[in-house]
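The sequence and structure come next.

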Amino acid sequence: MFSTIDVTVHPPRVDIPREYNAATDIVERHLGTEREDHVALIDADGAWTYAELAERVNRAGNALLDLGVRMENRVAMCLLDSVDFPAVFLGAIKAGAVPVPLNTLLTAADYDYMLRDSRAHTLVVSAELFPTFAPILRGQPWLRYVVVAGDGAGEEVPRLADLLDEAEAELEPAPTTSDDVAFWLYTSGTTGSPKGAMHLHRHLVHTVAGYGLAVLGVAPDDVVFSAAKLFFAYGLGNALTIPLYVGATAVLHPGRPTPDAVMRVLRERQPTLFFGVPTLYGNVLADPANDRAAGSPRLRCCISAGEPLPVGVARAWEERFGIAPLDGIGTTEMLHVFLTNRPGEHRYGTTGREAVPGYEVRLVGDDGEPVAEGEIGELCVRGTTAAVAYWNQREKSLASFHGPWTRTGDKYRRDEDGYFVCAGRTDDMLKVGGIWVSPFEVEGALIEHDAVLEAAVVGEKDERDLVKPKAFVVLVDPVRASSALAEELKEFVKERLAPYKYPRWIEFTGELPKTATGKIKRFQLRT
């Protein structure tokens with residue numbers, strides 16, 4: 001029933017039996033060993049050993065079965081990061097159902113779309129988030145049950161805690177195979193409606209083998225803290241799949257990952273690995289009091305993904321915290337990071353030189369053929385974790401999944417030493433004077449200025465209807481906003497990049513629109 005991983009070969013060899021349940025493999029592999037009494041999770045309410053987590057997973061699976069959930073039924077989850085998330089997620093998978101984690105920061109209209117699109121049989125939602133769902137629950141054509149984790153939703157709504165108390169503590173895994181669909185993850189939907197990417201039981205363990213073990217070397221004595229939430233593909237691997245499979249300890253924080261909250265967790269829980277996104281790294285550094293001594297001296301590795309990590313932010317983090325943050329890229333479709341810098345081998349401003357073991361990447365032009373060395377092309381990846389398709393989105397599936405290759409929509413080039421340099425999303429690239437300009441390159445130059453906290457660059461048409469870069473800038477000190485500073489920033493960029501790349505307009509703003517995963521919504525800035 002359990003998989004095996006051999007990281008002594010390249011790429012790591014992963015053996016998965018045909019009759020296989022991913023939840024059983026992740027949690028129960030530690031039962032009957034010295035690890036079963038080791039702390040698996042720490043959340044806001046306490047610590048949970050592997051034995052306690054395994055029982056809670058069983059109870060969650062049985063609770064869903066008691067509600068009438070059956071094989072392949074979808075179970076929508078909108079849960080804050082706590083023990084309830086892995087319990088419901090893994091419990092549903094063990095019972096043969098298909099959990100569908102939802103972004104906890106969306107609107108009622110978004111949730112209405114996803115509940116209808118997924119045809120979820122049951123919804124499990126945190127009490128704090130229930131008011132957003134309440135207006136759209138009546139009239140749902142497929143939804144049969146709503147379960148609330150926590151208090152405050154009213155007596156008529158079943159409480160998850162009560163259902164777990166009443167459920168059996170033993171659960172026989174459903175007769176799933178390694179090629180059954182195990183769970184869905186909705187894309188962040190920066191353009192158009194979110195798409196449900198369908199992932200298989202076999203996918204989870206491959207993220208452990210390639211990234212968790214072969215790249216990061218996560219071990220049982222590690223304590224992992226991911227500011228990226230569990231509903232996000234990046235966070236799911238960081239704080240659930242990789243640490244639980246290995247037998248390490250994951251720290252879960254239910255609230256927003258503000259700089260103060262992140263520093264408090266680092267200080268109180270003393271993690272050895274920290275996973276963040278570029279915006280968070282920059283915001284933490286905005287307070288000069290935040291450094292290694294104020295956080296976790298035990299940190300051995302810091303990881304960034306979601307968007308390219310600006311060079312200035314990376315260097316400042318290494319100076320302040322004594323650790324070079326490793327920038328990588330992953331997608332919902334590929335489940336986790338597949339291209340990254342490595343410990344002891346990194347170059348700021350790049351996403352590394354080699355794909356994660358088990359993956360292969362290439363850059364192609366609009367014709368699908370590899371681009372010449374040094375030219376910008378779309379990043380394509382193949383590996384063992386690609387989603388099988390988008391649910392009920394045939395045309396979009398065909399556009400993204402080309403046999404074993406997946407088109408990411410990200411533009412890249414390789415520098416003279418073979419490192420991959422991100423040029424931006426396909427839809428974000430600017431053509432200025434007939435030459436492609438990467439918004440990330442201009443943003444990175446702006447962020448190096450000590451007055452700039454964040455920046456986003458989009459295309460704007462000038463009086464001759466020609467596209468030129470426009471920058472939206474968030475300042476460390478908003479009081480400094482002025483036309484003089486705008487001109488200073490333009491000259492600052494000109495000194496660092498080719499002159500045609502500098503932003504012709506600079507607009508100061510209090511904040512940038514972002515998805516819940518920290519990606520800038522440039523399409524909103526364009527409109």
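Which residues of helix H9 (residues 259–269) are buried? They are Ala261, Val262, Met263, Val265 and Leu266. The model in which they are found is a predicted one. The cover over these buried residues includes strand E11 (223–226), strand E12 (249–251), strand E13 (273–276), helix H10 (278–285) and helix H11 (311–321). After H9 comes glutamine 270, with a positive phi near 50°.

**A helix pair**

Two packed helices are described by the angle between their axes and the distance between the axes. For helix H13 (residues 439–447) and helix H14 (residues 483–494), the angle is about 115° and the axes are 9 Å apart. The crossing of H13 past H14 is right-handed. H13 contributes Val442, Ala445 and Leu446 to the contact, and H14 contributes Leu489, Phe492 and Val493. Sorted by class, this contact has six nonpolar residues, no polar ones and no charged ones.

**Two residues around strand E10**

Histidine 199 is part of strand E10. Its relative accessibility is 0%, so histidine 199 counts as buried. Beyond its neighbours within four places in sequence, histidine 199 has contacts that include Asp180, Phe183, Thr332, Glu333 and Ala387. The C-alpha atom of histidine 199 is separated by 8.3 Å from that of alanine 389, although the two are 190 residues apart along the chain.

Lysine 195 sits in the loop between strand E9 (181–186) and strand E10 (196–200). Lysine 195 is buried but forms no salt bridge; glutamate 333, the nearest side chain of opposite charge, is 5.1 Å away. A salt bridge requires a distance within 4 Å. Leaving out residues up to four places away in sequence, lysine 195 touches Leu185, Tyr186, Thr187, Tyr390 and Lys396.

**Salt bridges**

The count of salt bridges is 28.

| Arginine 56 | Aspartate 84 | 2.9 Å |

Arginine 56 is in helix H2 (residues 50–66) and aspartate 84 in helix H3 (residues 84–94), so their bridge ties together parts 28 residues apart in sequence. Aspartate 84 is buried, at 14% relative accessibility.

Arginine 116 and aspartate 112 are separated by about one helical turn because they are four residues apart in helix H4 (residues 108–118).

Arginine 300 and aspartate 222 are 78 residues apart, and their pair links distant parts of the chain. Arginine 300 is partly exposed at 39% relative accessible area, whereas aspartate 222 is buried at 4%.

Salt bridges also link Asp6, Arg13 and Asp15 in a network.

Notes. Residues are numbered from 1 along each chain as its sequence is written. This is a predicted model: local features need pLDDT of at least 70, side-chain atom pairs count only at pLDDT 80 or more; totals for chains, interfaces and linings use all residues. Side-chain values use heavy atoms; hydrogens and water are left out. Axes are lines fitted to C-alpha atoms, for helices over the stretch in contact, and angles run from 0 to 180 degrees between N-to-C directions. A crossing is left-handed if the near helix is turned anticlockwise from the far one by less than a right angle, and right-handed if clockwise. Contact means heavy atoms within 4.5 Å. Ala, Val, Leu, Ile, Met, Phe, Trp, Tyr, Cys and Pro count as nonpolar, Asp, Glu, Lys and Arg as charged, and the others, Gly among them, as polar. Buried means under 20% relative accessible area, exposed over 50%, partly exposed in between (1.4 Å probe, protein chains only). Lys and Arg count as positive and Asp and Glu as negative; His and the chain ends are not counted.
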